[in-house]
Amino acid sequence: MAGAPAQESCDLLIEAGWVVPVEPHGLVLTDHAVAVRGGRILALMPSGQARERFQPVERVVHPDGVLIPGLVNAHCHNPMTLLRGVADDLPLMTWLQEHIWPIEGQVIGPDFVADGIELAVAEMLRGGITACAENYFFPDAQASTYSRLGFRALVGLPVIDFPTAWARTQDEYFDKALEVHDNWRRDATVSLCFVPHAPYTVSDAGFERIRMLADQLDLVVHCHIHETAHENIEALQKHGMRQLARLERLGLVNDRLMAVHMTDLNEQEIALCANRGVSVVHCPESNLKLASGFCPSAKLLAAGVNLAIGTDGCASNNDLDMFGEMRTAALLAKGVSGDASAMDAASALRAATLGGARAMGLGEQIGSIEPGKWADLTMVDLSPLETQPLHHVVSQLVYATGRHQVSEVWTAGRLRLREGRLLDIDVETLRAKARRWRERIAAIPGGA
């Protein structure tokens, strides 16, 4: 008799009670396994078949767990983790102009950026997040830190019309942006984009230059747009048109645009975003906390716009909890639209994974559990009483699960979190750094 066929080798075999691959939409697979080789997903199949086919170097079995793609935080200012809770309960412009910007003027620099990002990465991994879109200054320090930590990030090249510690003139912003791009464009974990702060802080000439370079370099443009209704009132007074219309005139409304917040939209603007392939990044909890308005997420989804979810920065949220953001996004969509079916649980999970990946230009690499993609994966333990009984896995993930139930996290097949514990980040060192920054910031006027 012929012997059994030889088993195929793989680095890792993850067997879970359930797998939610996100693509196809809404699918839940019971008793399935994911095989990983060379950091990428090799196969997704029933666990029994996987055990017969593969001989893994490492096997992880979690019968009470659900395996999902790593969550994607599509808009954050992670160095601002060090400003968590500094200036709460204030409107946006008061918060920015009288507190955040003056404090940043005293502390911002490579060390602030690196320490804030390291604290944020630890928090994100503990909450099942494996990728983020970063929007801050000192992108060289950002890229170096994310690369050192092995955390997937879309790092923004900042452009703003006033001097900062990063650059003094528009020419300097662009010169430094191109230098950082040249230094980091081949990194395995870091991708790059332009991050003009907002239409009210960047001139037409700046946007035109960004459009030209984004076209040449095929880079995403990640920008706060229509964050408040007041922003458009001022735009009408200054430019005679709303901000999105101005960006359309400048050639920036296209499939490389990540439009963040978008709380003040009319029907024509929603249709424009759908027709041009714009991705909208919804930051529900930050918008609520700053009373900035409500992103019409249900209308955007209905129009076919790619919707992503972001936490925004810890100075305005105050956490990096994508489970909380998913729940808030789904509930807010229902409340704003008056339709309980406006954003179902599967759509919220998709926005927090594949929607974010596509917005960042990484939809072919991450965001769903499909062969060939990077093995950026999150295991969630559904055995606690708070998620029992288990009738519908995806509903339980969005409406009942907390980030403390994340048990394992992998980035490119590398285990980063085991049974809820970080494997390669020193928590006590992070605490000590955070205390030192607290003391320094508290001594600044407005920082207490």
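A charge is taken to sit over a ring when NZ of Lys or CZ of Arg is within 6 Å of the ring centre and within 35 degrees of the ring normal. In this predicted model, the charged end of Arg 40 is placed in this way over the ring of Trp 374, at 3.8 Å from its centre. Lys 176 has its charged end over the ring of Trp 166, and here the distance to the centre is 4.4 Å.

Rings also pair with one another. A pair of aromatic rings is described by the distance of the centres and the angle of the planes. The structure has seven aromatic pairs. In the pair of Trp 101 and Phe 162, the centres are 5.5 Å apart and the planes stand at 65 degrees; an angle over 60 counts as edge-to-face, so this pair is edge-to-face. Trp 101 belongs to helix H2 (residues 92–107), whereas Phe 162 lies in the loop between strand S7 (152–159) and helix H5 (170–184), so the pair ties together parts that are 61 residues apart in sequence. Both residues are partly exposed: Trp 101 has a relative accessibility of 26%, and Phe 162 has a relative accessible area of 32%. Elsewhere, ring pairs join Phe 112, Tyr 136, Phe 137 and Trp 437 into a cluster.

The loop between strand S5 (71–76) and H2 holds Asn 78. With a relative accessible area of 0%, Asn 78 is buried. Leaving aside residues up to four places away in sequence, Asn 78 touches Gly 116, Ile 117, Ala 120, Met 124, Cys 132, Glu 134, Tyr 146 and Leu 320.

Note on methods
Residues numbered from 1 in each chain as written. Predicted model: local features only at pLDDT ≥ 70, side-chain atom pairs only at ≥ 80, totals over all residues. Heavy atoms only, no water. Phe/Tyr/Trp six-rings, centres within 6.5 Å; stacked < 30°, edge-to-face > 60°. Helix = DSSP H or I, 4+ residues; strand = E, 2+ residues; numbered from the N terminus. Buried < 20%, exposed > 50% of the residue type's maximum accessible area, 1.4 Å probe, protein only. Contact = heavy atoms within 4.5 Å.
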